[in-house]
Amino acid sequence: MFVRTVYATGDPAALDRTLDGLRAEAVGLLAPQPGYRGFGLFADRELGILTMGSWWESARAERESDERLRGRRAELLAPFAGTVTTDLWQAVVAARPVQAGPGAWFRLARFDFDRVQGDRIAAAFRERALPAMQRIDGFLGGSMLFAVEDERGSVGGLFADRAALVASRGAVAEARARAVAGGGVRLRSLEEFEVILLDLPKQSSP
């Protein structure tokens, strides 16, 4: 599975207008595209950040959808975004949420990693960190993404509400510290976002 992410910053006062536009149009634009597998839109209203990710069954599906939609995406972001960064990732571990209702929150950790240890890092997340997260009250699902050529990765986790997100911080911090202590991983950033929109079309495989 391949994931296209967009990270945009701008004036917080202009954020709601852009979120409204994306909420109204994004899924309608994405869903008809071949290979579409899901979409999430997240925001930090205080700092003026939005990030979004669309999931695709193949690199070709991601590339062709980007060619079709990048112009409209730029138009939708224009009222708000002063900076826009787009990245392509491969999902190496994914635990698909069953559902995420209103009030859900999202935690995102970004890291650098040594590509020669990529398989070990993914296995450690799949076999130890993710099961530990799944035992946390309010945890809905999560994933690990790699941009292997750039030796960059991210881990995202969805929580039922802000209270569950806050309560999870200690347990997740412990798991994160163990992962870094295992070697090959260098944490770069840690952020938390309100979930604005999550589209999870039914599919036969994660």
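Set aside the neighbours within four places in sequence, and L197 is in contact with L22, R23, V27, F39, G40 and L41. L197 sits in strand β8, which covers residues 185-199. This is a predicted model. L197 is buried, because its relative accessible area of 18% falls under the 20% cut-off. G35 lies 162 residues from L197 in sequence; their C-alpha atoms are 20 Å apart.

**The barrel**

Strand β8 belongs to a closed barrel of eight strands. The order is β1-β3-β2-β8-β5-β7-β6-β4, and the pairing is antiparallel. On average, neighbouring strands of this sheet are turned by 35 degrees against each other, direction ignored. Strands β4 (residues 81-95) and β6 (residues 139-147) run antiparallel and are joined by five bridges. Here A94 stands opposite S143 of β6.

**Helices across the strands**

| Helix | Residues | Lies across | Angle |
|---|---|---|---|
| α2 | residues 59-77 | β1, β3 (49-56) and β4 | about 20 degrees to β1 |
| α4 | residues 162-181 | β5 (105-113), β7 (152-159) and β8 | about 15 degrees to β5 |

**T5 on strand β1**

T5 is found in β1, residues 2-10. Helix α2 lies across this strand. T5 is buried, because its relative accessible area is 14%, under the 20% cut-off. Its side chain makes a polar contact of 2.8 Å with the side chain of W89. Beyond the neighbours within four places in sequence, the contacts of T5 are M52, G53, T85, T86, D87 and W89.

Key: Residues numbered from 1 in each chain as written. Predicted model: local features only at pLDDT ≥ 70, side-chain atom pairs only at ≥ 80, totals over all residues. Heavy atoms only, no water. Helix = DSSP H or I, 4+ residues; strand = E, 2+ residues; numbered from the N terminus. Buried < 20%, exposed > 50% of the residue type's maximum accessible area, 1.4 Å probe, protein only. Polar contact = N/O pair within 3.5 Å; in protein donor to acceptor, adjacent residues only side chain to side chain. Contact = heavy atoms within 4.5 Å. Pairing = 2+ DSSP bridges. Axes fitted to C-alpha atoms, helices over the stretch in contact; angles between N-to-C directions.
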